[in-house]
Amino acid sequence: MRVDFHASIGEIPRPAWDRMLPGEPEDWNYYKTIEPVAPAAFRVGAISVSDGGRIVACAPIFRVSYRIDTPLQGVMRSAGQWLFERWPRLVSLPIIGIGSPMSDNCSIAFEPELSKTQRQAVFGAMLGKLEELAEAEKSGLVAVKSIDGLAEDLAPAFAARSYTRVTSVPLVMLDLPFATYEDYLGSLRAKTRGYLKRKARANARVRMEHRSSMEGLEQQIFGLYESTLRNSKVDYGDFEKLTPEYFPRVLAALGDSAQLTLCWHEEVLVGFQLSLVGPKRVVTKHIGMKYPEARELNLYFLNWLKMIEFAIQHRIPVVEMGATTYATKLLFGGRIERRWLYFKFRGNVTNRLLRPLTPLFDFERNDPELRALAKQSRAGAPDGEVA
């Protein structure tokens, strides 16, 4: 097997990627499109494994100076910032990883004909080459970001190379096996259904439209995105810092695979949602809203109800609702799906010395909303119960 690094995912033939990951909304075209507009702190590229000249695996990769206090929130994050401002090398170290700073998924593509054992061998070769690059570049950490259930199949490859696992940012997935929007509403608890219908009454005051272009609205949309970041209860640092060029590039390059939903109150743009649409899944990428109008008009609820209606009409069985605001998303019938972060410090001695710090890397443990939901679950309260 031969493992190669690529300065761009464009160096990997698109037919090979599509053969290994068919129908994915975050496809070869998406990753190729966003490379030039990656957040300033990141360098992005790709890695591939070939066998006999045929690509049998590939994935996006990134490099960044990683703040190890990224998972921390609240007072602990403030303490990390205090340290960073005085002794930055205590809380920041160079990292090279598999994944993308602009995706909550880890798109690792494998040749479909590979057996589970063969995939483990191929992935082990990929990790080995990544560690060689980390050694050459003196990166302090090697990581695999936001990997889903595939992690269980690849567990022997991670174990063989002594990787540590913690939870990454989980996502909410909404299954929609319904013939009509009314059937979906009928599947909810009566109390929840009534609650959402009350929220939807704001429809009369909001005009919503789908677009494949944002021409003339670029500054407004990016301003709404930044407004929502400022109102968020969590902060994931560099991983949330999109550039203004991100949104128009995605819409221009992806065509019908990208959808922009706009929310208007009279003649004022008060909200948007950008989604990637595939035959089997809609990935909701980013949302932006104007405050306090967003709360007054129930924009968050209207956005999701409109997306659910769209998915059902187009027979798309799953909506990936993304991270954060978990309790609200569970109201719609969503389920929390875990993502994992595997990492390894460069050097066996360093790994042993820093292993006690593992809880600092665990995103679920450090998210106040997820801790509250776990406590509620232990107390026996039903998920998504409306207060």
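Which residue stands opposite I287 in β12? I began my notebook with this, and the residue I found opposite I287 is Q273. I note here that the model is a predicted one.

**Entry 1: β11 and β12**

I looked up how β11 and β12 are joined. Strand β11 covers residues 268–277, and seven bridges link β11 to β12 in an antiparallel arrangement. Next I checked how covered β12 is. Of its eight residues, eight are buried, and I wrote β12 down as mostly covered.

**Entry 2: from β12 to β13**

I then followed β12 to another partner. Strand β12 spans residues 282–289 and pairs with β13 in the parallel sense, over two bridges. In this pairing I found V283 opposite E320 of β13.

In which sense does strand β8 pair with β13, parallel or antiparallel? The sense is antiparallel, and I noted four bridges between β13 and β8, which is made of residues 171–175. Here D175 stands opposite V318 in β13.

I looked at the burial of β13 as well. Strand β13 runs over residues 318–322, and five of its five residues are buried. I sorted these residues by direction. V318, E320 and G322 point one way, while V319 and M321 point the other way, and all of them are buried. I reminded myself of the rule behind this sorting: in a regular strand, side chains alternate between the two faces of the sheet.

**Entry 3: β15**

Why is β15 described as largely enclosed by the rest of the structure? I counted the buried residues in residues 340–345: six of the six are buried, so strand β15 is largely enclosed. For this count I needed the cut-off, which is that a residue is buried under 20% relative accessible area. Both faces of β15 are covered. One side has W340, Y342 and K344, and the other has L341, F343 and F345, all buried.

I found two pairings for β15. Strand β6, residues 141–147, pairs with β15 in the antiparallel sense over five bridges. In this pairing, L141 has F345 of β15 as its bridge partner. Strand β7, residues 164–167, also pairs with β15 in the antiparallel sense, over four bridges. Here I found R165 opposite Y342 of β15.

**Entry 4: S48**

I picked S48, which is found in strand β2. Is S48 buried or exposed? S48 has 1% relative accessibility, so I counted this residue as buried. I then looked for side-chain partners. The side chains of S48 and H6 are joined by a polar contact of 2.7 Å. I listed the contacts of S48 too, leaving aside neighbours within four places in sequence: R2, V3, D4, H6, I12, I55, A57 and C58.

**Entry 5: Q120**

Q120 has its place in helix α5, which covers residues 116–137. With a relative accessible area of 17%, Q120 is buried. The cut-off for buried is under 20%, so the value for Q120 falls within it. Which residues is Q120 in contact with, leaving aside its neighbours within four places in sequence? I found D153, L154, P156 and A157. I looked up the C-alpha separation for one of them. Q120 and D153 are 33 residues apart along the chain, and their C-alpha atoms are separated by 7.5 Å.

**Entry 6: cavities**

How many cavities of 30 Å³ or more does the structure hold? I found two. The largest cavity has about 80 Å³ of space. I wrote down its lining: I9, Y31, I34, E35, V44, G45, P60, I61, G99, S100, P101 and M102. The elements that give two or more residues to this lining are α2 (28–34), β2 (43–51) and β3 (54–67). By type, the lining of the largest cavity has eight nonpolar residues, three polar and one charged.

**Entry 7: the second largest pocket**

I ended with a pocket. The second largest pocket has a volume of about 380 Å³. Its lining is made of 18 residues, and those that lie nearest the centre are L21, E24, C106, D148 and R281. I sorted the lining of this pocket by type: seven residues are nonpolar, three polar and eight charged.

Notes
Residues numbered from 1 in each chain as written. Predicted model: local features only at pLDDT ≥ 70, side-chain atom pairs only at ≥ 80, totals over all residues. Heavy atoms only, no water. Buried < 20%, exposed > 50% of the residue type's maximum accessible area, 1.4 Å probe, protein only. Pairing = 2+ DSSP bridges. 1 Å grid on protein atoms, 1.4 Å probe; cavity = no way out; pocket = protein on both sides within 12 Å on 5 of 7 lines; lining within 4 Å. Points joined across faces, edges and corners; volume = space filled by probe spheres on them. Nonpolar A, V, L, I, M, F, W, Y, C, P; charged D, E, K, R; others polar. Polar contact = N/O pair within 3.5 Å; in protein donor to acceptor, adjacent residues only side chain to side chain. Contact = heavy atoms within 4.5 Å.
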